[in-house]
Amino acid sequence: MTMTGSAEAQKLTATRVYAAPDLSGPRARGVSLSPDGTLATYLKAKADDPRMTDLWAADVAGGEPRMLIDARALIPKDRELSEAEKSRRERQGVQTRGVVAYDWDDQGRFILVPVEGDLWLYSRADGQVSRLTNTTDDEIDAKVSPKGGFVSFVRSDNLYVLPAGGGAEKALTTDGSELKSWATAEFIAQEEMARQTGYWWSPDERRIALTHVDQTGVDVVERADIGPAGATIVSQRYPRVGRPNARVDLYIADVATGARIKVDLGADPDIYLARVNWARDGKTLYVQREARDQRRLDLLAVDVATGAAHLVLSEVSPHWIDLSDDFRALKDGGFLWSSERSGWNHLYLYGPGGKLVRQVTQGDWPVDAIQGVDETRGVVIFTANKDTATERRLYEVSYKAAGQPRALTKAGGWWTVKVAKAGGAFAGTYEDPATPPQTGVYRSDGTLVRWIEENRLAEGHPYYPYAPRLRTPSFGAIKASDGADLNWMMRTPPGFDPAQRYPVIVKVYGGPGSALVRKIWNDPADQLYLEAGFILFTLDNHGTPNRSVAFKTAIDRKLGTWEVADQIAGAKYLTSLPYVDPARIGITGWSYGGYMTLMLLTAPNTPFAAGVSGAPPTDWTLYDTHYTERYMGTPKDNAAGYAGSEVTARVDGLKPDSLLLMHGMADDNVTFDNSTRLMAALQAKAIAFETMLYPGLRHRAGWTQAHLKHRTEATLAFFARKLTPAPAP
């Protein structure tokens with residue numbers, strides 16, 4: 001489908017895609033509402049630099065949005081982030097600089113802002129910004145305490161607190177080191193468990209629960225960090241599958257005295273500290289303890305005076321338990337919880353003693369996540385893929401009485417929301433294939449109060465000159481071999497003629513935890529493939545989210561089987577279309593998508609003529625514990641599964657000159673030896689292939705607009721040589 005409009009159509013180029021201003025328009029990122037719901041805050045990229053963000057605010061009552069903190073004015077000259085902070089940002093997927101995060105206190109008086117390693121505090125009362133730290137070391141994971149009395153942060157592997165109103169900082173720990181750190185989230189927690197912090201304030205500010213991470217038992221993996229000026233050897237503590245993890249203990253510290261007690265996490269130290277939450281009265285600490293095999297998740301209630309813990313409930317699965325942030329402590333001592341025990345992810349209410357009261361949501365659809373709770377009305381507010389896996393909406397439902405969820409947002413696209421701590425008002429961002437992300441403030445009933453960034457695709461919008469050529473996707477589904485629906489989306493070039501035959505590029509991820517077939521505003525770079533004369537096709541295979549537990553866990557202990565079969569079924573569907581040239585189908589993906597690209601290029605009788613594989617895992621024994629063991633177990637327990645999933649064992653199936661391999665040469669996630677092993681295996685078989693390597697770049701962070709442009713153009717040039725498209729008119 002082509003957009004219509006009065007603008008004179010211009011053809012999009014790679015130079016424009018990666019230039020300023022951002023083609024997707026003035027998007028609001030990291031949106032939050034003040035605790036009283038009267039002020040919306042968000043991050044916004046500078047007009048002249050899409051990779052630098054400032055802190056902005058908009059009064060819910062009206063008026064023009066305003067900048068609160070200008071990042072460029074605060075960044076110290078010649079300040080270089082530490083390697084630890086660079087790695088932390090890599091784990092978080094942070095790809096901007098300047099103001100990349102901020103934190104409200106629960107009273108709504110202060111906003112804490114880290115900027116390139118130092119801390120600044122915005123006072124809402126007078127609008128002043130004061131500098132809190134000025135050190136050569138980075139202050140990371142900074143927070144304002146719940147009542148706004150303190151600022152806390154981690155520096156050099158120790159936890160500090162600082163009076164928000166001024167005064168000397170205080171170290172709550174002093175013996176932290178790189179290998180034995182306090183209040184930090186270990187590599188696995190950050191990279192795979194979506195736990196980015198290692199400490200948690202009690203609501204009354206009297207105590208802090210904090211981790212002690214001992215990495216001395218973790219294997220040292222030496223990797224070459226190859227940059228433009230040469231290479232260094234990095235000795236990285238990297239817990240590969242079947243090998244020791246860091247030992248994580250939990251303590252409760254008294255803020256006034258610094259005294260600590262240890263929390264009893266059980267007799268088995270080889271567990272994961274998954275989540276930590278405080279009861280509303282601060283008298284109980286709730287801890288989620290996950291078994292090493294990830295088939296059991298226990299919720300523990302901890303006595304904060306003694307550290308003693310008792311079991312509240314357990315979730316068990318023959319496959320694996322996915323972690324979430326859906327635990328919500330209630331004023332009466334009960335809590336809300338999510339579980340997949342019914343075969344779909346749904347919400348449950350528990351009473352003060354941990355006894356199940358009722359299942360709150362039910363049906364053949366999954367809850368995405370709890371976004372807020374309005375205890376005054378007794379409702380829980382959540383996002384869900386209720387109508388279709390390709391759309392996400394916001395709903396509310398009573399947790400006190402049986403009832404059906406009520407949609408608070410419109411259908412047709414994808415919603416991302418942030419709900420105020422009280423009252424149910426929310427900041428919502430809506431997008432669909434024809435609508436760039438639009439952010440507004442909404443009342444609890446879903447009524448729009450005001451725009452924060454309307455971002456309307458009209459005259460003056462950066463994309464407006466190109467809008468008449470914007471190709472929005474069609475959506476559909478094919479049947480898998482087990483009868484399950486496999487959702488797909490397809491975009492055709494401008495001037496598409498169904499009487500002609502076109503080459504196709506399949507964009508794939510295919511791994512668990514991420515679905516690509518969604519009704520969202522797609523990356524403007526995708527239009528470059530269409531302008532070059534390609535059809536773009538994407539299919540979500542077994543293992544991807546927003547579906548049933550059965551669909552998701554079909555890949556258990558056999559990565560690279562269902563996913564490959566489903567993508568080949570998608571390619572066979574393409575060959576049935578009269579406007580597709582079956583001899584000119586290519587495939588590309590990054591990370592797990594890079595792995596899928598290699599598995600599909602080496603599949604027997606592959607329908608794919610060429611592929612571009614980016615940063616691919618090629619041997620799952622080289623990857624980390626929590627991710628890989630979740631789906632594959634250990635090599636000792638699943639030797640056949642690991643052998644069947646290894647790319648290097650399949651290289652005989654690769655057609656010569658059909659592969660372009662890309663990798664960042666400082667990748668500390670999918671380490672570079674994944675690609676060097678593949679290169680060696682292909683060279684040993686004299687199978688020709690192409691490479692494009694990026695010195696100094698990691699898996700996600702550090703990529704500049706110039707790097708991304710180069711990567712895109714290299715991919716397009718490769719496919720142009722191999723699949724010979726006719727550029728769109």
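1. In this predicted model, His212 has Asp249 of strand E19 as its bridge partner. The pairing behind this contact joins strand E16 (residues 207–214) to E19, in the antiparallel sense and over eight bridges. For a student new to sheets, the general rule is that strands pair through backbone hydrogen bonds, either parallel or antiparallel.

2. E19 also pairs with strand E20 (residues 260–262), again in the antiparallel sense, here over three bridges. E19 and E20 form a hairpin with five residues between them, and Gly258 in the turn has a positive phi of about 80°. Is E19 enclosed by the rest of the structure, or open to the outside? Six of the eight residues of E19 (residues 247–254) are buried, so the strand is largely enclosed by the rest of the structure.

3. A separate point concerns an open sheet of four strands, in the order E25-E26-E27-E28, with antiparallel pairing. Which strands lie at its edges? They are strand E25 (328–329) and strand E28 (356–359), each of which pairs on one side only. Strand E26 (residues 335–339) and strand E27 (residues 346–350) run antiparallel and are joined by five bridges. One of the residue pairs to inspect is Ser338 with its bridge partner Leu347 in E27. When viewing any such sheet, the reader may recall that side chains in a regular strand alternate between the two faces.

4. The buried residues in H11 are Asn674, Ser675, Leu678, Met679, Ala681 and Leu682. Why do they count as one side of H11? They cover an arc of only 165° around the axis, which puts them on the same side of the helix.

5. The face turned away from the buried side carries the exposed residues Gln683 and Ala684. After H11 comes Ala686, whose phi is positive, near 60°.

6. How many salt bridges does the structure hold? There are 47. One of them joins the side chains of Asp652 and Lys685, at 3.5 Å from N to O. This pair links distant parts of the chain: Asp652 lies in the loop between helix H10 (639–645) and E43, and Lys685 in the loop between H11 and E44, 33 residues apart. Asp652 counts as exposed, at 59% relative accessibility, whereas Lys685 is partly exposed, at 46%.

7. Another salt bridge is formed by the side chains of Arg406 and Glu396, at 3.0 Å from N to O. Arg406 belongs to strand E32 (residues 406–407) and Glu396 to strand E31 (residues 393–398), so this pair ties together parts that are 10 residues apart in sequence. Which of these two residues is buried, and which is partly exposed? Glu396 is buried, at 8% relative accessibility, while Arg406 is partly exposed, at 39%. Through shared partners, salt bridges join Asp374, Arg377, Glu396 and Arg406 into one network.

8. The loop between helix H1 (14–17) and strand E1 (29–33) contains Pro21. A cis peptide bond, with omega of about -5°, joins Ala20 to Pro21. Asp22 takes part in a salt bridge with Arg29, at 3.5 Å from N to O between their side chains. Arg29 is partly exposed, with a relative accessible area of 26%.

9. Finally, some backbone angles deserve a check, since most residues other than glycine have a negative phi. Asp157 has a positive phi near 70°, and its place is in the loop between strand E11 (150–155) and strand E12 (158–163). Ala615 likewise is not a glycine, yet it has a positive phi of about 45°. Ala615 sits in the loop between strand E42 (610–614) and helix H9 (625–632). Are these residues buried or partly exposed? Asp157 is partly exposed, at 24% relative accessibility, while Ala615 is buried, with a relative accessible area of 0%.

How values were computed:
Residues are numbered from 1 along each chain as its sequence is written. Side-chain values use heavy atoms; hydrogens and water are left out. Buried means under 20% relative accessible area, exposed over 50%, partly exposed in between (1.4 Å probe, protein chains only). Helices (H or I, at least four residues) and strands (E, at least two) are DSSP runs, numbered from the N terminus. The arc is that of the directions from the helix axis to the C-beta atoms. A salt bridge is a side-chain nitrogen of Lys or Arg within 4 Å of a carboxyl oxygen of Asp or Glu. Two strands pair if DSSP finds at least two bridges between them.
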